[in-house]
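Try each task before reading its solution.

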Amino acid sequence: MANYIFKILAHASLGKMREAVKTVHERSGKNSVKIFFDMLYCAKKYGAGYYDYQIFAFYNLTKEQRATYVTRLISKKFNTFMNDYDYAHFLENKDEFNKLYKKYIGREFVQLQEATKEEVEKFCSEREYIFCKMQDLECGHGCERIKISDYKSFDELYKYLTDKGFCTLEDNIEQHPALKKLYPNAVNSMRIITVLDKQGEAHVLYIVQKMGLGGSIIDNNCLFTPVDPETGKIMYPAHSGDTLKGIIYTEHPDTHVKLQGYVIPYVKQAVQMCLEAAKITPQIRYVGWDVATMPNGPAIIEGNTYCAHDFWQLPPHTPDGIGMLPKIKEYIPEFFEGKIK
């Protein structure tokens, strides 16, 4: 045990760990020394980092409950177990993704490096807005929504697009009025997480509705809350996108829409779409799909090949204190045949 603790301390940021201990102490009122040693125990026993301990409120859980959580270490092993990253480019490369999954993206696009200047000009001339993406980036990084009329000429716009290094120009997604009501400045997408079992059948693990916040044009790291896959209803209050903060919202702070019970349209159709899309690249068995809800149905924005483990197991959304491992075991029992922690 002493050797293991030494290894943890050698690789941990002690400053961040002290901050985590302080936060847990303030939230729980428990002794800081006991929290520190319990964090070390959870790291050894469950593969939980000090952020896991804080985010999932391990300080309030029994040993049996803690054992049900996908912790940082288990998450990394599960991603590696499920996905052959030699094939990840089919989802991570925006140009390849749009070609391979064109049936499901529900919008027109042009690939800047492949198209002629005349083709790009025609695409832009027919639109008021375009949405621009960077190659090989996920979670909205590098994206911009551009209003064509903001540029004096197409030459000025084209220079900006090429100088920035955008790879894909797409239709600006018009979202369903119900989603626009939640937050109008960004496409509020669902994150639908799918797994392929060893027979190649697809299953949905979890759905969260993401929402933009405070003027952001993307919904990442803003607000999110679980959605019932059958009814489309938002199940719980929303959580801050920064899961360390532990901030809960019963209504959207910008639009003041009451969240719990709010119905997201086309959820069943979105689920079916993702179950189909999950089979296209079977070497990537574990995907987090970002899905827009448009006026006439769902459309896939992108597929993420490395799924974060925190946002689907948070205390406000797990009233029974049970994490996602039991559900994963239901579909992927072979992952548990070896030692996962």
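Ala, Val, Leu, Ile, Met, Phe, Trp, Tyr, Cys and Pro count as nonpolar, Asp, Glu, Lys and Arg as charged, and the others, Gly among them, as polar. This is a predicted model, where local features need pLDDT of at least 70 and side-chain atom pairs count only at pLDDT 80 or more, while totals for chains, interfaces and linings use all residues. Residues are numbered from 1 along each chain as its sequence is written, and side-chain values use heavy atoms, with hydrogens and water left out.

**Exercise 1.** Describe the lining of the largest cavity by class.

*Solution.* Start with the term: on a 1 Å grid over the protein atoms alone, a cavity is a set of points where a 1.4 Å probe fits but cannot get out, and lining residues have an atom within 4 Å of a point. The search of the whole structure turns up 2 cavities of 30 Å³ or more. The largest cavity has a volume of about 280 Å³, volume being the space filled by probe spheres set on the points. It has 22 lining residues, and Phe131, Lys133, Val187, Ile218 and Ile301 are the closest to its centre. Now sort the lining: 9 nonpolar, 4 polar and 9 charged residues.

**Exercise 2.** How do α2 and α3 pack?

*Solution.* Helices here are DSSP runs (H or I, at least four residues), numbered from the N terminus. Axes are lines fitted to C-alpha atoms over the stretch in contact, and angles run from 0 to 180 degrees between N-to-C directions. For α2 (residues 14–28) and α3 (residues 32–46), the angle is about 120° and the axes are 9 Å apart. Angles under 35 degrees count as roughly parallel, over 145 as roughly antiparallel, 65 to 115 as roughly perpendicular and the rest as oblique. So α2 and α3 are oblique to each other.

Key: Helices (H or I, at least four residues) and strands (E, at least two) are DSSP runs, numbered from the N terminus. On a 1 Å grid over the protein atoms alone, a cavity is a set of points where a 1.4 Å probe fits but cannot get out, and a pocket is an open set with protein on both sides within 12 Å along at least five of seven lines; lining residues have an atom within 4 Å of a point.
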